[in-house]
Amino acid sequence: MLKKEYKYAYLGYTAEDKSAMTEYAERYRQFISKNKTERECVESFISLAKGYGYRDLNDLIDSKTPLKAGDKVYANYMNKTLLTFCIGSESVSSGLNILGSHVDSPRLDLKPNPLYEDNKFAMFKTHYYGGVKKYQWVTLPLAMHGVVAKKDGSVMKICIGEDENDPVLGISDLLPHLSADQMEKRLREAIGGEDLNICAGTFPIDSKENKDSAENKDAVENKDKATTDKVKENILQILNTKYDITEEDLFSSEIELVPAGSARDYGLDRSMILGYGQDDRVCAYASFEAQMEVNNPKYTTCSIFVDKEEIGSYGASGMQSQFFENSVAEILELLGEFSNIKLRRVLANSRMLSSDVSAGYDPNFPSVLEKNNAPYLGKGVVLMKYTGSRGKVASNESNAEYVAKLRDLMEKNNVTWQTGELGKIDQGGGGTIAHILAKHGMDVIDCGVPVHSMHAPWEITSKVDLYEMKKAYVAFLKDA
Ligand code: MN
Ligand code: MN
């Protein structure tokens with residue numbers, strides 16, 4: 001077989017294509033600059049989806065509102081996973097056209113009991129989430145995003161470090177002058193998991209201000225004398241003043257440390273985007289725009305924005321939970337068509353793009369990819385027939401007939417696409433949510449964009465690929 005010569009999509013672009021690509025990339029850049037956690041993505045998607053006429057599935061269930069073709073529905077799970085559906089004109093038994101992306105990204109989470117004082121430094125302990133190269137997370141400005149749930153049922157949202165007037169946090173590293181021992185270590189050990197401690201502050205609490213206004217000044221003074229960890233106490237007071245939370249409230253929190261600041265245009269030619277969390281918000285954002293744009297589809301469309309992919313899709317808001325099957329069952333019920341066998345048929349007859357990123361060929365690291373089967377930045381959306389590692393282990397390998405159908409779909413819709421494999425056979429590998437949905441017997445293939453520096457604090461994508469991916473997703477929802 002001749003190797004297909006992939007063309008650079010950019011050379012075929014009209015002026016309109018170029019401005020559409022640039023505008024799309026800018027909308028995306030702004031989205032990932034503002035939405036850096038799964039909760040923030042889900043909240044933003046819901047508020048945008050409502051503007052497109054999407055209604056809450058739970059409200060429709062409560063009011064027993066029947067669904068019909070053209071209706072738009074969303075289902076929110078724990079504010080961290082979201083499903084969106086647009087009902088098709090064909091019978092739902094012919095299956096759904098599904099885009100499945102994830103909205104969680106690698107980061108550092110605060111531990112359940114995070115705050116401590118060490119020699120007059122207030123510090124937070126973290127436990128990293130997902131696959132991170134730990135040495136990449138030191139000496140970076142970090143922002144704190146998340147929620148603190150209180151016993152009264154209220155939930156405080158936290159975001160510190162994104163406004164240019166906010167302080168940022170971070171993790172220190174050793175100066176080269178004193179790194180003799182550290183430099184002898186293996187890269188994976190140079191910075192250990194328990195070394196990822198965030199410096200939160202150095203000022204001790206100044207109780208004089210409180211004392212002046214306090215009724216019982218002696219009590220304040222005595223408490224002040226009894227407080228040994230005065231720097232830690234000061235941080236707790238800052239959190240209490242700003243968010244009305246106590247140290248114990250941190251136990252019922254989800255606080256994530258992520259790189260602070262906006263995504264940026266990357267390259268002198270502005271051909272790429274540098275940003276945090278592009279795995280997999282680059283595919284989630286494209287799926288979302290595609291889902292919103294396709295009205296009155298032939299087959300019911302569904303876009304999945306799922307949490308917990310980076311830690312194996314476990315847990316109630318991960319893809320291995322039953323929320324997706326339950327929601328499809330609820331939709332069948334509201335269409336007046338629910339039965340167990342019908343649900344199974346709908347799932348088995350569905351088609352899916354597992355919208356997730358791949359590793360792009362990198363001139364700095366040519367040895368880990370096999371050049372004839374590596375995806376390249378700028379050569380379009382990637383159709384990855386299988387993932388897995390070392391002998392396709394734990395992979396969903398998509399069916400040849402399905403791949404052929406998608407080749408035809410891409411060609412008819414002028415989408416520039418490329419094939420890809422996740423690195424050389426013996427080098428490593430990885431997985432996505434593809435294999436979980438494939439359990440229902442549906443056709444699934446991985447389809448996203450190549451990324452440089454994947455899982456690093458700042459990841460890189462090509463604007464051409466973003467644009468081709470969006471076109472591919474629209475074509476898939478409409479015509480697959
Ligand atoms: Mn991913
Ligand atoms: Mn990932």
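Are histidine 102 and aspartate 279 buried or exposed? Histidine 102 is buried, as is aspartate 279; buried denotes under 20% relative accessible area, exposed over 50% and partly exposed in between, with a 1.4 Å probe and protein chains only. The model is predicted, so local features need pLDDT of at least 70 and side-chain atom pairs pLDDT 80 or more, while totals for chains, interfaces and linings use all residues. Residues are numbered from 1 along each chain as its sequence is written, chains are lettered from A and ligands numbered from 1 in the order in which they are written, and side-chain values use heavy atoms, without hydrogens and water.

The manganese ion (ligand 1) is coordinated at 2.1 to 2.6 Å by His102 (NE2), Asp279 (OD), Asp356 (OD) and Asp356 (OD). Donors are N, O and S atoms within 2.8 Å of the metal (3.2 Å for Na, K and Ca); water is not among the atoms, so sites may look incomplete. Aspartate 279 coordinates both this ion and the manganese ion (ligand 2), which are 3.4 Å apart. Because histidine 102 lies in strand 4 (residues 97–102) and aspartate 279 in helix 9 (residues 278–293), the pair ties together parts 177 residues apart in sequence. Helices (H or I, at least four residues) and strands (E, at least two) are DSSP runs, numbered from the N terminus.

Nine strands form an open sheet of mixed pairing, in the order 1-2-3-13-4-14-20-16-18; two strands pair if DSSP finds at least two bridges between them. Strand 1 (55–56) and strand 18 (417–419) each have a single partner strand, so one side of each is left without a neighbour in the sheet. Strand 16 (residues 381–384) runs parallel to strand 18, joined by three bridges.
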